[in-house]
Amino acid sequence: MQDTRRRRRQYLGAGTLDDVAVVGSSYGILTLLAILCLIPFVLVVASSFTDELSLIRDGYRLIPAKLSAYAYEVIIEAGIVTRAYGVTIFITAVGTALSMAVTCGIAYAISINGLRYRNQLSFFVYFTMLFHGGLVPTYLLIAKYLHMKNTLWVMILPVLVNPWNMFLLRNFFKTVPAELPESAKMDGATDMHILFRIVVPVSLPAMATIGLFYALGFWNEWFRAMLFIDRERLYPLQYLIMRIIRNIQFVDQVATEAGIDTSTFMPDYSARMATAVLTIGPIVLIYPFVQRYFVKGLLVGSIKG
Amino acid sequence: VPSQSATSRTARHAAARRQGLFRELSANRSLYLLTIPAIAFFVLFEYVPMAGIVIAFQDFSIIKGPFRSAFNNFKNFSVLFEAPAFQRVVFNTLFLNTLFLAFGMFFSILIAVLLNEVGSRSYKKVAQSVLILPHFLSWTIVAMFAVPMLSSEGLINVTLLRLGLRPVSFYRTPEVWPIVLVVMNVWKGAGFGSIIYLATIAGISGEVFEAALIDGANRWQRMVRITLPMLKSTAVLLLLLNVGTVFYGNFGLIYPMVGNNSFLFKTTDIIDTYVYRALVELGDLGMSAAVGLSQSAIGFALVLGTNALARKLTPESAIF
């Protein structure tokens, strides 16, 4: 009798003492992890708004001792970040548009069962996921034979199609009910017409997901900039950040090595932090609205086949 | 003569196939046209560099190029294997990758399981959003975020000083770096990694939990006896997907953090950073290409091997 009542209580979610402990510690551990996750963000934002002298005196703190937005004024005035923004926005916008066009083309073609060589084409793409030429041949090809050094295209064209994204999109296209294109075909529509008027409009959420994957990749690009760009005005944001870190570490090293009081060496802490904040700003602002697309894309991608 | 007729039959077959090829290409020409830009991309930026692996067998000179450089058989490989740093970078690569994989998996599963126990939907949503956020930052930003934490006047050292403990000079102490790198890797990736496990948990039939409930299993027992075992095949699949990449170091994480700070090489120098420096500083193209080829070949063999093994042991987690 008592036993049944306990079971019913569990069923209604009231739970036993054990259960309360499990749920309570779940909340506790998750909250702790979330706070640990946020600390670096808070620290960087706080430091960027801290007065330079108080930053040098007290070190980096989660709560600024003395507020100041001077760092932002200086950086915006200097214009380096603004120019890097221009580069990043260009490669993100143009890169995403081109990537989507090229990826959609092949993904649509091989999603159609009537296409005889679709399996060969799939394998042609799939093989590039298994085997790579490596850094050296790619570097020589781009720098020596294609002469793409110090161009914006070097950050777009060598990564134009991601095989993983291509297969994701193909899988999305495959879920479009076959009756739609078939009936259009009977009405005399061409393949192009079907792609742009029927398949693309019904696959818009999927396209948004893949487009965001590409956009994030281009926005976060720094590796190719490091290899192929040495003109400062062509630096994208993320590579600019890397240059800034290099300087800090270098000064840190030199200063410690020489036994010099490091604080006299680095007058621009807060400006560095402000640059970081400006770089991640758009991501953090857009993030709440696009998060679900990433989650969805990841889940679709994880389904085999 | 039978052999003659056989030859002519093969020839006829080939002709028919060729005709079939042309017919197929013209019947679906707009579809094949759509694939051309992507094919051009893959040929140029993926397959041409694959042909470039001949550099690994050459005494490569940038002036002569891959067509006229002399072949030196396996000299690049022997130079590589005999390099004093070689053992160290291979060890570091495997060691760090194992740590990343183990801790990444542990925290991803932990987050997924805990999120599943939490009742409040809005709390769950906020916590998940916060934990996934770092995934969207680039590695260079992650390295930048590490500076105010790790530098001599960083948060960790300021806190240590305030607690009366000895500060750590992170950028000059190689011993702590495996921990630093693991923490950063978990910080960036564990939340995002938990999504797949959460989806697996959501896919577990409610009946299983109900049956356990009727048998009087409490939350802890359900977690340990049902949820965790159900996550096993997902974990194994992800493990298999990662086996092919064990010899590829996490260049994105390590290079922005460490760069050319040779104080830290003892524990942080991996195959990829070593090759990058060989390429950029020494210009040793032949050796760098030999490393790239070895990584690709080993990775390729490992993927095929693990997949064959998986198909034998647990067919449901085979990749192809």
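Analyst: Let's start with a word we'll need a lot: a residue is buried when its relative accessible area is under 20%, exposed when it is over 50%, and partly exposed in between (1.4 Å probe, protein chains only). Some ground rules: residues count from 1 along each chain as its sequence is written, while chains are lettered from A and ligands numbered from 1 in the order in which they are written. This is a predicted model, where local features need pLDDT of at least 70, side-chain atom pairs need pLDDT 80 or more, and totals for chains, interfaces and linings use all residues; side-chain values use heavy atoms, leaving out hydrogens and water.

Now for a pair to look at. A:Tyr85 and A:Trp219 are both buried. The model has 39 aromatic pairs over all chains, and these two residues make one of them, edge-to-face, with 6.1 Å centre to centre and 70° between the planes. Rings of Phe, Tyr and Trp (its six-membered ring) pair if their centres lie within 6.5 Å, and planes under 30 degrees apart are stacked, over 60 edge-to-face, the rest tilted. A:Tyr85 belongs to helix α5 (residues 80-111) of chain A and A:Trp219 to helix α11 (residues 204-219) of chain A, so the pair ties together parts 134 residues apart in sequence. Helices here are DSSP runs (H or I, at least four residues), strands are E runs of at least two, and both are numbered from the N terminus.

B:Ile271 sits in α15 and is buried, with a relative accessible area of 7%. B:Ile271 lies 6.1 Å from B:Val90, C-alpha to C-alpha, although 181 residues separate them in sequence. Not counting residues up to four places away in sequence, B:Ile271 touches B:Val89, B:Val90, B:Thr93, B:Phe247, B:Val291 and B:Gln295. Apart from neighbours within four places in sequence, B:Arg277 contacts B:Asn260, B:Phe265, B:Asp269 and B:Leu282.

Next, helix against helix. Two packed helices are described by the angle between their axes and the distance between the axes. In chain B, α10 (residues 206-214) and α11 (residues 219-230) pack at about 145°, with axes 11 Å apart. The residues making this contact are B:Val208, B:Phe209, B:Ala212 and B:Leu213 from α10(B), plus B:Arg222, B:Ile226 and B:Thr227 from α11(B). Axes are lines fitted to C-alpha atoms, for helices over the stretch in contact, and angles run from 0 to 180 degrees between N-to-C directions.

Finally, helix α8 (residues 155-162) of chain B has B:Leu155, B:Asn157, B:Val158 and B:Leu160 buried. The buried residues of α8(B) pack against α2 (17-48) and α3 (52-58) of chain A, along with α7 (139-150) of chain B. Just after α8(B), B:Gly164 has a positive phi of about 80°.

Notes:
Contact means heavy atoms within 4.5 Å.
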